[in-house]
There are 4 protein chains.
Amino acid sequence: MAGSTFGNIFKITTWGESHGKALGVVVDGCPSGINLCENDIQVFLDRRKPGQSAFSTKRNEADSVQILSGVFDGKTTGTPISLIVYNTDQHSKDYGNIATCYRPGHADYCFDEKYGFRDYRGGGRSSGRETIGRVAAGAIAAKVLSELGVTLTTYTRSIGDCVIDYNNFSKDEIMNNPLYMPDAVCAKKAAELLEKVMADNDSIGSSVECIIKGTPVGIGEPVFDKLDALLAQAIMSIGAVKAVEIGDGTAVSKMRGSENNDNFTAGSGNVTKLTNHSGGILGGISDGSDIRIRASFKPTPSIYKMQHTVNNAHENVDIEIKGRHDPIIGPRAVVVVESMCAITLLDLIIANASAKIDNLKKIYI
Amino acid sequence: MAGSTFGNIFKITTWGESHGKALGVVVDGCPSGINLCENDIQVFLDRRKPGQSAFSTKRNEADSVQILSGVFDGKTTGTPISLIVYNTDQHSKDYGNIATCYRPGHADYCFDEKYGFRDYRGGGRSSGRETIGRVAAGAIAAKVLSELGVTLTTYTRSIGDCVIDYNNFSKDEIMNNPLYMPDAVCAKKAAELLEKVMADNDSIGSSVECIIKGTPVGIGEPVFDKLDALLAQAIMSIGAVKAVEIGDGTAVSKMRGSENNDNFTAGSGNVTKLTNHSGGILGGISDGSDIRIRASFKPTPSIYKMQHTVNNAHENVDIEIKGRHDPIIGPRAVVVVESMCAITLLDLIIANASAKIDNLKKIYI
Amino acid sequence: MAGSTFGNIFKITTWGESHGKALGVVVDGCPSGINLCENDIQVFLDRRKPGQSAFSTKRNEADSVQILSGVFDGKTTGTPISLIVYNTDQHSKDYGNIATCYRPGHADYCFDEKYGFRDYRGGGRSSGRETIGRVAAGAIAAKVLSELGVTLTTYTRSIGDCVIDYNNFSKDEIMNNPLYMPDAVCAKKAAELLEKVMADNDSIGSSVECIIKGTPVGIGEPVFDKLDALLAQAIMSIGAVKAVEIGDGTAVSKMRGSENNDNFTAGSGNVTKLTNHSGGILGGISDGSDIRIRASFKPTPSIYKMQHTVNNAHENVDIEIKGRHDPIIGPRAVVVVESMCAITLLDLIIANASAKIDNLKKIYI
Amino acid sequence: MAGSTFGNIFKITTWGESHGKALGVVVDGCPSGINLCENDIQVFLDRRKPGQSAFSTKRNEADSVQILSGVFDGKTTGTPISLIVYNTDQHSKDYGNIATCYRPGHADYCFDEKYGFRDYRGGGRSSGRETIGRVAAGAIAAKVLSELGVTLTTYTRSIGDCVIDYNNFSKDEIMNNPLYMPDAVCAKKAAELLEKVMADNDSIGSSVECIIKGTPVGIGEPVFDKLDALLAQAIMSIGAVKAVEIGDGTAVSKMRGSENNDNFTAGSGNVTKLTNHSGGILGGISDGSDIRIRASFKPTPSIYKMQHTVNNAHENVDIEIKGRHDPIIGPRAVVVVESMCAITLLDLIIANASAKIDNLKKIYI
């Protein structure tokens, strides 16, 4: 089935394999009149680019984006924006040994059963490179959101046992360390941990958090298209994510109502909340406070240790994975999480434009 | 926007408010030839019916379902199945004091901002009664799944600090206690906790788990419509859910790759996994082992304690919520979680029918 | 597959069979704040009600509509509006002879092949009564459109060879004759023709036209969701329609460009067209002039003459159709055409609300 | 809104402007295991390529297609297939005079009103070149259909008053003349007519017909997603189409039921029809006989004559359109009609795979 499209009105369709000719995305439903150039997108892509630090794959891709349509005289025209990134550094031979074997923790076996065979080069469609299209589209969504006063901040919250201390939180620090952590002390400890993990030929899990400021009250649809529900789909659809939490997340299962409820208060006509356990969403609809969403990433399944598995003849075999891969997924996925949040939120902001007849009258009458 | 429809091919559309005339669902895209009678659906609805135990609201609703279309001679015809449940026990006056005030932890404020006003009776569309349509549709999905060899088991995993001990797990126990816990010892402790919570005029959080057996390998679409992504949307769209976890969930963020990877093994031609950290899903596609999904429910926001809030004139007020409400959400939501999992999985099983040309040839040639 | 839902944002889902308990529709995505009562819908339904004249079936249905959800204090709330019409006058026995035979011109054979069996009572889901849900939803769409200054006029344009003379066109006349023709002279001739057709135990074809005034310029999406493309789907999806024409329709195939092009002209800042061959749509987008759409209806396939056909054992048989049926489809379908046009246009007007960033800024900033 | 995607399961998303860098399409939901190479697609594209005859634009484009993803080892993998055609022969200056003026019969004015401005080069997104993506996708759909025994034949049926004589119908003739007519005599007359039209600096209308053989009985969904309804959307969404007819089309409005009904007959267990007025579709579902669909194309709106119009300051001006354009649209649109029919039909064949539980059991059990 078609599963490469996301969004109802601001709609993106991604395509491309790890070792194919190119990867890309078509962004349909972007409002016209947004200033947009390739560099707006490139800065997002550079945040996920490989080879940036000791902790990411040595694959050396420029990941240069080209805009092929939908922009004229430096502005979006309202028609579909097609973005392409050509693959350049493809070491296909590195992956030859996985053509017939199913790597533990990967989808190789599932693809073969589903489709009869698979493009085994570098994970094909299930490679992390699939996120290039998401991030390119996310850059556009974030640009539109910024016109409406909405901003997103995303960072690595934890790596293994190293969790940031919110008292040390510095937004500026995020771009200062290769792990995209907002706490310099924690980032240093995490780097040490990662060196040890790499020395062990192993990998480790992590978590990523996104904070969204400036969302108007009322965004999200009451039942299935709740803001948190679509954010959950968006984030869980990123490879390696195994949990999505909104606001206090799993902790709510142990809380009392008197503790978890956020009291409202009014001052100068503005309604605010005294606390924000809800993470900015009540009943699936934005309540005006910061939206807080957290993703848990599993450790990179590609490790250099010998593992037991089966091949496509369904025989038991041992496998040692070669090739280039990251010891951790979270840091490079920070911009992917931000992108998916931006796309989801923008689509629902657009959808909400017709929630009441007065909105339509503002436009048409 | 339209947000009351879920699913791509097996598609459900729910409607209805807590204190309107009725609630219901239209199930479109159900295959023809499934034996179906009202009792098949009623047994599911009875699992979420109010007034069943000391721990649920005193509201006394029969919640009797009628099939209005789509079934002929005891079988589904392939055309839309319309299901309706009339509201009977509506104490609208109980809720009069919330017409102008915004209840903490509820969506009252968000609805007023989004739509300009709201049906304030009993929460209107954001009431827990909205799930009647989901459960009625879920009963049908589960029936179709059972024809394909897929079964679901769902239960309350924890209430506050009382977490089930998997060594005591008994599937039969689930229907034996009013909390739908599979561990009798834990259920007893949880009941004691709940009594204390109620004596405090408070409420408490909980978690619910669903285990799905028998899913064919290959279900789920690689990118945005991953099986876990759509399950995440489905579960997060249930009111009060703040976290969704697949397999080991948030715990993966602290694990090593060598620990989290499930090794494959082959025996008599069958491929299985030695462990199941993945929760039955790899790269968004079912891997043939049990699917494990967990939801964290916040405590019921309606509590009998006095709370600070604002009214719709944006003035500070105090509110004491009257009316009938549960001290905990999880147990009555067990069948809602099961229903949403069944609907999501069935839709993707149907979608997968055209994954390879050989599947289509089996049908058409 | 799910095929009972129409529209992207203003989205309707219909359900129900000719001889089931009831028929209905769920309208999701209707803006809040529209005054709506059951009578607003009933006046539309009454236009398609059977038993109104000598030229329609004797089936005697009140077709009384009830609003079950989505309206509070006389206004739409923004949540799904569920509408139901109970069947009351079901002469199931009249249709007993078609349980095993395939009526020529009907979908009986197709349903049996597709689904394995069918609800044969009165055509089941493929009955003309299926349009009840469309018309009920159309009444709401027309109400919303009227708030935005858009109005629709629909009428029977021709019956057999009796075609209206546009020089005699009188909008007021439409509701004056049972054939809904805007030309009293033509209506009289058509009535005489119909009496002859009925005396012959036969039926006859017809055409219906809808004129939409007041559509803002710019409605419709450039490629697949063109205004005329979605109108074509909407109208062709009405049973018995075999052709859809926009503006000059099939006649354009014989015209010269110099004849078919409409020249623009400006006066007092307003842009208008000197002619309207385009029928108000250029490149799939409304151009501000009247939208003109025409549907050709085949003759009622149920006729009292003996016909050759096959049964469900695939044996040759003769069939004489009993029961109650109209000798002509167009007149009763006038309100169905109007409803489908209203639904389609409203959905695209809503969609267009985010075409440019300035529109969103009017709402959010 | 997003309007560049068509199809529910076999889903295509097109992008690109006449004078942008490239045009293309992403085909998602194509079953795996189909042999596919670039030449399969190129032969379709060559049928719509400009500069092929005296009767098409002099624009000289190679229109070479590249497959960027979704194919591995010569077979479709089940993941999205991205196809791209780079623009090479862009005479942007030819179109400079339309930057500020609204061409009669074109969507220039509508685009400016909708989006605030437009890519005016060569019609931008509303250019006939937009169909490149449709045709590239159509080639794939036709390939999949051929695996299921379904074939399509498409041709120009009429040009102005020159209508083919079905007694002279020769399938082989279609590719023999530059007008793609199946009747050599008619093609010759039409060519003479076109020369006269061109000498007059004018253009002319035409009609195109598609015949589909081998469709299984039962394809199409009963209500809104009827086979003919989706074909109508598909065909009407092609620029310049003003009418869509199925089977006898507009002629049914004058027919008697006894004349229009097709009688069924059985022989050796097979059900067939004695006539095919229905055009292979009853109640929106394929009946096993040939599907016949017809499109009426308006004359090319770009003509060399002086025309009255307005500019974007809403002042009256005269315009003479320069540049390269065809005197007729139908012949080059033959392959576009065929492509849209193939895409629509395949999507519904896939959708029908889950119509009955027995179909799913064939795949899963």
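1. Are H8(B) and H8(D) parallel, perpendicular or oblique to each other? In this predicted model, the axes of helix H8 (residues 357-364) of chain B and helix H8 (residues 357-364) of chain D come within 9 Å and cross at roughly 130 degrees. Angles over 145 degrees count as roughly antiparallel and those from 65 to 115 as roughly perpendicular, and H8(B) and H8(D) are therefore oblique to each other. The crossing of H8(B) and H8(D) has a right-handed sense. On the H8(B) side the contact is made by Asn359(B), Lys362(B) and Ile363(B), and on the H8(D) side by Asn359(D), Lys362(D) and Ile363(D). Sorted by class, the residues of this contact of H8(B) with H8(D) come to 2 nonpolar, 2 polar and 2 charged.

2. Helix H5 (residues 227-236) of chain C packs on helix H7 (residues 330-351) of chain C at an angle of about 145 degrees, and their axes are 9 Å apart. The crossing of H5(C) and H7(C) is right-handed. From H5(C) come Leu227(C), Leu230(C), Leu231(C), Ala234(C) and Ile235(C), and these meet Val337(C), Met340(C), Cys341(C), Ile343(C), Thr344(C) and Leu348(C) of H7(C). The contact of H5(C) with H7(C) is made up of 10 nonpolar residues and 1 polar residue, with no charged residues.

3. The contact between chains D and C takes 97 residues from chain D and 97 residues from chain C. On the side of chain D that touches chain C, the largest share belongs to helix H5 (residues 227-236) of chain D, which gives 6 residues. By class, the residues of that side of chain D divide into 34 nonpolar, 41 polar and 22 charged.

4. The contact between chains A and C takes 27 residues from chain A and 27 residues from chain C. Helix H3 (131-147), helix H7 (330-351) and helix H8 (357-364) of chain A are the elements that give two or more residues to the side of chain A that touches chain C. Of these, H8(A) gives the most to that side, with 7 residues. The residues of the side of chain A that touches chain C comprise 16 nonpolar, 7 polar and 4 charged.

5. Chain D holds an open sheet of 5 strands in the order S1-S2-S3-S7-S4, with antiparallel pairing. Strand S1 (5-6) and S4 of chain D are the edge strands, each pairing on one side only. Helix H3 (residues 131-147) of chain D lies across strand S2 (11-16), S3, S4 and S7 of chain D, and H3(D) runs at about 35 degrees to S3(D).

6. Which residues stand opposite one another where S7(D) is paired? Strand S3 (residues 22-28) of chain D and S7(D) run antiparallel and are joined by 6 bridges. Within that pairing, Val26(D) stands opposite Ser82(D), and the bridge partner of Val25(D) in S7(D) is Leu83(D). Strand S4 (residues 65-67) of chain D is also paired with S7(D) in the antiparallel sense, over 3 bridges, and here Val65(D) stands opposite Val85(D). Strand S7 (residues 81-86) of chain D is mostly covered, with 5 of its 6 residues buried.

7. A loop position in chain D also deserves a comment. Ala240(D) lies in the loop between H5 and S11 of chain D. Is Ala240(D) buried or exposed? A residue counts as buried if 20 or more other C-beta atoms lie within 10 Å of its own, and Ala240(D), with 21 other C-beta atoms within 10 Å, is therefore buried. Leaving aside its neighbours within four places in sequence, Ala240(D) is in contact with Phe297(D), Lys298(D) and Ile329(D). The C-alpha atoms of Ala240(D) and Ala295(D), which are 55 residues apart along the chain, are separated by 9.7 Å.

Terms used. Residues numbered from 1 in each chain as written. Chains lettered and ligands numbered in written order. Predicted model: local features only at pLDDT ≥ 70, side-chain atom pairs only at ≥ 80, totals over all residues. Axes fitted to C-alpha atoms, helices over the stretch in contact; angles between N-to-C directions. Helix = DSSP H or I, 4+ residues; strand = E, 2+ residues; numbered from the N terminus. Parallel < 35°, antiparallel > 145°, perpendicular 65-115°, else oblique. Left-handed = near helix turned anticlockwise from the far one by under 90°. Contact = placed C-beta atoms within 7 Å. Nonpolar A, V, L, I, M, F, W, Y, C, P; charged D, E, K, R; others polar. Buried ≥ 20, exposed ≤ 12 C-beta atoms within 10 Å, placed from the backbone. Pairing = 2+ DSSP bridges.
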